[in-house]
Amino acid sequence: RWDGIETLAAALTAAKDEDGDWYALILASKTAQDVKDAMSWVESNKRIFVFSSWEPNIVDQSTSVDTTTLAYHAQANSYKRSACLFTRDSLYPEGAWVGRCLPKDPGTINWAHKTLAGVVANVLTSSQRTNAHAKYASTYETIAGINMTEEGWTGSGDFLDVMQAIDWLEATLQEEIMSLLATTDKVPFTNQGISSVEGVVRRVLQRATDIGVLAEFDSEQGDYVTFPKAASISVIDKAARTLNCPKCFQRRLAGALNNVTVVGNITV
C-alpha cells in the first residue's frame, strides 16, 4: 500500500523486496507524475506497467504536435514495458485488460483484439485513431460489431505479449539452470557438465516452442543452439567456475497476427 509520503519508486521497490513474485503493475493514481515515475521504475525492474488515459490530445493531436500526454511521454522515452490504453467513460479499464490477458500463459495470448468486461467502447474518427496509434497508444473500439482492444503496444512500439514472452523465457531459463545446480551434487566443468546445461536450455527452448513463445527451430533461418567445449574455456572462467556462453542460442519469436489483408478475384 502506497501512502503518498514515500516516493512511488521507493514504494514499488519495497513491494518488490517484500514479495518479488508479481509482474504487472496497475496504478490507482492518475496523476501524470506518478504515472511517469511508474514507467521509469518498471523499465529497470523487469515488470510491465499498464495504464489508461483519457487525455484528449492523445487522439486529437498528431505526433508532431503532442508533447504533453502520457502516451507521448512513453513513446518519447521508448519505454518497452509501459502500455497506454486510451479510453473514455471507464475509470480503470487497464484492470480489465490485465485481468483478461495476464492469467494466460506467455505465448498463448495476444493483448490485441480483446473484449474487456465492463469497459465502454469508444467511438473514434479515423484521424483520432491514427493519432493514438502513431503514439503507440492502444484504443478500445467497436470493430465489425465486436468491442476490442487495438493493438497492444508498449511505448517503444513493441508488443506486450513479446515483453511477457521474453521475460518468461529468461526467468524459466534461470530457474531451470539453478535447479540443475541445486539438485545435482556436482556439475563438473567438463564437456559432460556443459552438456547437462545445454540439455536444460534445449528443453526450455522446446517448451517455449510448444506453448507458442518461439517459432519452430529452423537452421535455414539462422536458428542455432551451441555450447563451447571445456577445452576452449579460459583459465579465468574455469578458476571462477563460471560458464560464460554469450552466444548459446538464437531463436525467433512466434509473434502473432494483428492485421490481415485479403485480396481476391471474383469472376462471372
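Leaving aside neighbours within four places in sequence, threonine 139 is in contact with Leu85, Phe86, Leu124, Ala132, His133, Met148, Thr149 and Glu150. Contact here means heavy atoms within 4.5 Å. The model is predicted, so local features need pLDDT of at least 70 and side-chain atom pairs count only at pLDDT 80 or more, while totals for chains, interfaces and linings use all residues. Residues are numbered from 1 along each chain as its sequence is written, and side-chain values use heavy atoms, with hydrogens and water left out.

Threonine 139 sits in strand S4 (residues 137–143). Helices (H or I, at least four residues) and strands (E, at least two) are DSSP runs, numbered from the N terminus. Threonine 139 has a relative accessible area of 0%, so this residue is buried. Buried means under 20% relative accessible area, exposed means over 50%, and partly exposed lies in between (1.4 Å probe, protein chains only). The side chain of threonine 139 also makes a polar contact, at 2.9 Å, with the side chain of histidine 133. A polar contact is a pair of N or O atoms within 3.5 Å; within protein, one must be able to donate a hydrogen and the other to accept it, and residues adjacent in sequence count only if both atoms are side-chain atoms.

The chain as a whole holds nine helices and seven strands. Its C-alpha trace spans about 70 × 65 × 35 Å along the principal axes. Of the 268 residues, 40% are buried. Among contacts with a separation of 6 or more, 67% join residues 24 or more positions apart.

Helix H8 covers residues 191–210, which makes 20 residues. From first C-alpha to last, H8 reaches 28 Å, close to the 28 Å expected at 1.5 Å a residue. The expected span is 1.5 Å times one less than the number of residues. Several residues of H8 are buried, including Gly193, Ile194, Val197 and Leu205. The buried residues of H8 pack against helix H7 (160–183), strand S6 (224–225) and strand S7 (249–250). Just after H8, glycine 212 takes a positive phi of about 95°.

Eight salt bridges are found in the whole structure. A salt bridge is a side-chain nitrogen of Lys or Arg within 4 Å of a carboxyl oxygen of Asp or Glu. One of them joins glutamate 170 and lysine 46, with the closest N and O atoms 2.3 Å apart. Glutamate 170 lies in helix H7 and lysine 46 in the loop between helix H2 (32–43) and strand S2 (48–53), so the pair ties together parts that are 124 residues apart in sequence. Glutamate 170 is partly exposed at 30%, and lysine 46 is partly exposed at 42%.

Another salt bridge links lysine 135 and aspartate 66, at 2.9 Å between the closest N and O atoms. Lysine 135 lies in the loop between helix H6 (126–134) and S4, and aspartate 66 in the loop between helix H3 (56–60) and helix H4 (70–76), so parts 69 residues apart in sequence are tied together. Both lysine 135 and aspartate 66 are buried.

Arginine 202 is partly exposed, at 40%, whereas glutamate 198 is buried, at 18%.
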